[in-house]
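This report describes one protein chain from its atoms. It takes covalent links, strands, helices and charged contacts in turn.

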Amino acid sequence: LPNMAYQWRFIACLLLATPAFTLYFHISETSKKCFIEEIPDETMVVGKYKTQAYDDSIQDFLPSSPGIGMHVEVKDPNDKVVLSKYYSAEGRFTFTSHTPGEHLICLHSNSTRWFGGRKLRVHLDIQVGEHANDYAEIAAKDKLSELQLRVRQLMDQVEQISKEQSYQRYREERFRATSDSTNQRVLYWSIIQLIVLVVCGFWQMRNLRKFFEAKKLV
C-alpha cells in the first residue's frame, strides 16, 4: 500500500507539471535573443509575445509599439529551420517539433538600423505540449461537456507524459552511445600508447647494443 500511494503521488506530480515559462527581457532594436528549449518529437509549441519600446520623454516603456515587428526563427537539433517568419509587435507563433532534442528559438526586431536603436522590452510566454491547447476553444468547437473536457485534458496529459518518457529514453540512448564511443577511443589510445612504448624500448635496446658492440664492450 505505501508503494501504491507513492506511485499515485508521483503520477499526480507529473500531471501537475507545466512545461512552460513566462518571462520578459530587454534587447536593442539591432540585437537578437535566443532560448534553448528541450522538446520531445511531435509536440506542439505555442509562443505568445509582446514588444514594448522605451520612450525617453516619459522614461518608461510604451504600452504598445506600433511600427515594430518581430522576426521569430526556430531551429531543430539538426540545425534545420522549423519556423522563420515576421510578426507584428504583439502576436503568437506556433510550430510542431519533428525531432526530439534542443530547439533554438530566436527573436529579433525588424529594424534596419546598423547599430544603436531603441531599447525594447519583450514579454515571452512559451507553452509546450497539452498546455499549448486552448481547451475553452476546443470545448466550444466540439461541444464538450465539463466531464468530457476533463477527460480530454487527462488524455492529452497522459500522451504528453508518454512523449516525455520516450524523449528521456532517447537521451539515455544517446548518452550511452557517447559513453561507449568515449570508452572505445580511450581503449584505442591506450593500445597505441603501449605499441609506441614497446617500439621505443626495442629501438633504444638495439641502439644501446650497437653502441656497446662499437666500443667492444660485449
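How many disulfides does the structure hold? The structure holds 1 disulfide, a disulfide being a pair of cysteine sulfur atoms within 2.5 Å. The model is predicted: local features need pLDDT of at least 70 and side-chain atom pairs count only at pLDDT 80 or more, while totals for chains, interfaces and linings use all residues. Residues are numbered from 1 along each chain as its sequence is written, and side-chain values use heavy atoms, with hydrogens and water left out.

**The disulfide**

Cys 34 is joined to Cys 106, with an S to S distance of 2.0 Å. The pair links distant parts of the chain, 72 residues apart: Cys 34 is in strand 2 (residues 32–39) and Cys 106 in strand 8 (residues 101–109). The torsion about the S-S bond of Cys 34 and Cys 106 is about 110 degrees, so the disulfide is right-handed. Cys 34 is partly exposed at 35%, whereas Cys 106 is buried at 5%. A further cysteine, Cys 200, is partly exposed, with a relative accessibility of 38%.

**Chain layout and strand pairing**

The chain has 3 helices and 9 strands. Helices (H or I, at least four residues) and strands (E, at least two) are DSSP runs, numbered from the N terminus. In order from the N terminus, the elements run α-β-β-β-β-β-β-β-β-β-α-α. Of the 218 residues of the chain, 28% count as buried.

Strand 3 (residues 44–55) pairs with strand 7 (residues 90–96) in the antiparallel sense over 7 bridges; two strands count as paired if DSSP finds at least two bridges between them. In this pairing, Val 45 has Phe 95 of strand 7 as its bridge partner. Strand 3 also runs antiparallel to strand 9 (residues 119–128), with 9 bridges joining them. There, the bridge partner of Lys 48 is Asp 125 in strand 9.

Strand 4 (residues 60–61) is another antiparallel partner of strand 3, joined to strand 3 by 2 bridges. Asp 55 has Asp 60 of strand 4 as its bridge partner. Strand 3 and strand 4 form a hairpin with 4 residues between them, and Gln 59 in the turn has a positive phi of about 55 degrees.

**Helix 3**

How far apart are the end C-alpha atoms of helix 3? They are 101 Å apart, which agrees with the 102 Å that the 69 residues of helix 3 (residues 146–214) should span at 1.5 Å a residue. The expected span is 1.5 Å times one less than the number of residues.

The buried residues in helix 3 are Leu 149, Asp 156, Gln 157, Gln 160, Ile 161, Lys 163 and Tyr 167. An α-helix has 3.6 residues a turn, so residues three or four places apart point the same way.

A nonpolar surface patch is formed by Leu 187, Tyr 188, Ile 191, Ile 195 and Val 199, with about 490 Å² of accessible area together. Val 199 is in helix 3. Patches are made of residues with over 30% relative accessible area and no salt bridge, where like charges are joined within 9 Å and nonpolar side chains (Val, Leu, Ile, Met, Phe, Trp, Tyr) within 5 Å. Accessible areas come from the Shrake-Rupley method with a 1.4 Å probe; for residues, only the protein chains shown count as cover.

**Salt bridges**

The whole structure has 4 salt bridges. A salt bridge is a side-chain nitrogen of Lys or Arg within 4 Å of a carboxyl oxygen of Asp or Glu. The table gives examples.

| Arg 118 | Glu 29 | 3.2 Å |

Arg 118 lies in the loop between strand 8 and strand 9 and Glu 29 in the loop between strand 1 (20–28) and strand 2, so the pair ties together parts that are 89 residues apart in sequence. Arg 118 is partly exposed at 35%, whereas Glu 29 is buried at 8%.

Arg 171 is partly exposed at 38%, and Glu 38 is partly exposed at 34%.

Conventions. Buried < 20%, exposed > 50% of the residue type's maximum accessible area, 1.4 Å probe, protein only.
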